[in-house]
Amino acid sequence: MHFADFLAGSIAGACGVAVGYPLDTVKLHGFFKGMAVPVTTLSMTSSVVFGTYRNCLQCFSQIHGPGAPNTALDIFLAGMAGGVAQISVMSPGDIVKVRLQCQTERKRSGFNSPKPKYSGPIHCLLTIAKEEGILGLYKGALPLAFRDGPSFATYFLTYNTLCSKLTPPGQKEPELAAVLFAGGVAGIAGWSVGTPMDVIKARLQMDGVREQKRYRGLVHCVTETVRNEGPAVFFKSLGINCLRAFPVNMVVFAVYEITVRILRSASVDQLS
């Protein structure tokens, strides 16, 4: 098992959060509101994504036979597995982030409220668990899976394809410039696939918080959204998501590649 990828992914995820969180909240006008829990959970989820992805690729290589390169389908399926695997860690932190950001939005828009419902991320986490049960922390997990499975499959496939094309023949690893460019484009590609389901996820997470519950589930939310607002609403936040995705994923992949190379080099030195 490749443990270095779990650690490298964790460090890369934390760096990505630091770069991207302000841009992630522009659409909700609350720059670092609710950041504490996402910094922790997104570091963990990035660890799960990269670790699962790398170990799935190893399994596929063993199936193909010793020394056989991974195919595009291997990369696509391994990326999808990584995206789905991280839901168990990501969902609680994600719903806390959404609730706190929307609470900030209401305050800035002049919504009359005696006091904010949540005093901070931990209070928000505990309140959701108390009022809605543990399953309340996984509200929106299904759309998360539908978002992140295809999104990460596209993400890793785009990154590997570009790195392969930008790496000179005979060179085993891509240069840093190639990693930065491929990582940024991969982030845009992933969000282009994931943005429509991201809209549905956020609506399901906030459903019933500020008003009476509107949606019976994922399919009902999709159909009602299309009926009331049209399909264009699914891409309303695509611009800001892509603006955020390029610099964030430049950093994520650069930090990941550098860290994993250092860890693997240290491991080889210890064995020699």
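Analyst: Happy to. Let's start with D5, which forms a salt bridge with R264, their closest N and O atoms lying 3.0 Å apart. The term salt bridge is used here for a side-chain nitrogen of Lys or Arg within 4 Å of a carboxyl oxygen of Asp or Glu. Because D5 sits in helix α1 (residues 4-24) and R264 in helix α9 (residues 238-271), the pair ties together parts that are 259 residues apart in sequence. D5 counts as buried, at 0% relative accessibility, while R264 is partly exposed, with a relative accessible area of 33%. Buried means under 20% relative accessible area, exposed means over 50%, and partly exposed is in between, with a 1.4 Å probe and protein chains only.

Before going on, a word on what you are looking at: this is a predicted model, in which local features need pLDDT of at least 70 and side-chain atom pairs count only at pLDDT 80 or more, whereas totals for chains, interfaces and linings use all residues. Residues are numbered from 1 along each chain as its sequence is written, and side-chain values use heavy atoms, with hydrogens and water left out. The predictor's confidence in each residue, pLDDT, runs from 0 to 100. The protein averages 84, and 86% of the residues score at least 70. Mean confidence is lowest in α4, at 78, and highest in α3, at 96. Where pLDDT is low, the predicted coordinates should not be read in detail.

Back to the pairs. The whole structure holds 12 salt bridges. Another one joins E132 and R99, with the closest N and O atoms 3.1 Å apart. E132 belongs to helix α5 (residues 121-132) and R99 to helix α4 (residues 87-108), so this pair ties together parts that are 33 residues apart in sequence. Here R99 is buried, with a relative accessible area of 2%, and E132 is partly exposed at 30%.

D198 and R147 also meet in a salt bridge, at 2.6 Å from N to O. This pair links distant parts of the chain, 51 residues apart, with D198 in helix α7 (residues 176-206) and R147 in helix α6 (residues 141-166). D198 and R147 are both buried. Through shared partners, salt bridges join D94, K97, R147, D148, D198 and K201 into one network.

Now for the surroundings. The protein has 9 helices and 0 strands, where helices (H or I, at least four residues) and strands (E, at least two) are DSSP runs, numbered from the N terminus. Of its 272 residues, 48% count as buried. Leaving out residues up to four places away in sequence, F253 touches F50, Y155, F156, Y159, V179, G183 and A186, a contact being heavy atoms within 4.5 Å.
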